[in-house]
Amino acid sequence: RQIRGTFAKAGMSNYSYDRPSRRQPRGSRVVLPTMRDYRPTVTVVIDTSGSMGNDLLGECVREVPAIARAAGATVDVLPWDMTGKRIRNVHAAHQVKLEGGGGTDMGAAVAEASKGRPTAVIVLTDGETGWGVPPPRGTRLIVCVPKGGPETPEWATRVEVFGE
């Protein structure tokens, strides 16, 4: 529900002067904009630190296609422990290759995921991490943690999705 709500304005909703409207009146000196469809951009950060078990990592990877369907777009995935390498245009779980197993720095992960100003950054984690500073304005942060997991920052939307 949180993800669908973030992208609720999908459809032809943006005006653009990149190309004049095809409904332009002949002989008019006024240039009318054309409508463009809204394309949300999503970056999913998967915590690959040592505190994440194989079962939890498997659940995280299985969430990626569901997030892509809910957003109506392909997503970028950023597996992260202390560093990460972005995997672009993911729409299926088999495209996600996880590496890591060290410490965690989700503040740096959110900063890296926010480059390019995505519509939303979705963090899949066990919550045992520091958070740093909020993402830039216009980027929504959704943190998915196990039920009863540690606290998340007040500037993020918390969703409990993993576990029993």
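Colleague: What is the strand order of the open sheet of six strands?
Modeller: This is a predicted model, in which local features need pLDDT of at least 70 and side-chain atom pairs count only at pLDDT 80 or more, whereas totals for chains, interfaces and linings use all residues. Residues are numbered from 1 along each chain as its sequence is written, and side-chain values use heavy atoms, with hydrogens and water left out. Strands (E, at least two residues) and helices (H or I, at least four) are DSSP runs numbered from the N terminus, and two strands pair if DSSP finds at least two bridges between them. With mixed pairing, the order is β5-β4-β3-β6-β7-β8.

Colleague: Which are the edge strands?
Modeller: An edge strand of this sheet pairs on one side only. That applies to β5 and to β8, which covers residues 157–162, so the strands asked for are β5 and β8.

Colleague: In which sense do β6 and β7 pair, and what is the bridge partner of Ile122 in β7?
Modeller: β6 and β7 pair over five bridges, in the parallel sense. Within β7, the partner of Ile122 is Ile142.

Colleague: What angle does the direction of α2 make with that of β3?
Modeller: α2 packs on the sheet and touches β3, β4, β5, β6, β7 and β8, contact meaning heavy atoms within 4.5 Å. Axes are lines fitted to C-alpha atoms, for helices over the stretch in contact, and angles run from 0 to 180 degrees between N-to-C directions. For α2 and β3 the angle is about 170°.

Colleague: Is Thr43 buried or exposed, and which side chain does a polar contact of 3.3 Å join to that of Thr43?
Modeller: Thr43 lies in strand β3, residues 42–47, and counts as buried because its relative accessibility is 3%. A polar contact is a pair of N or O atoms within 3.5 Å; within protein, one must be able to donate a hydrogen and the other to accept it, and residues adjacent in sequence count only if both atoms are side-chain atoms. At 3.3 Å, the side chain joined to that of Thr43 belongs to Arg86.

Notes. Buried means under 20% relative accessible area, exposed over 50%, partly exposed in between (1.4 Å probe, protein chains only).
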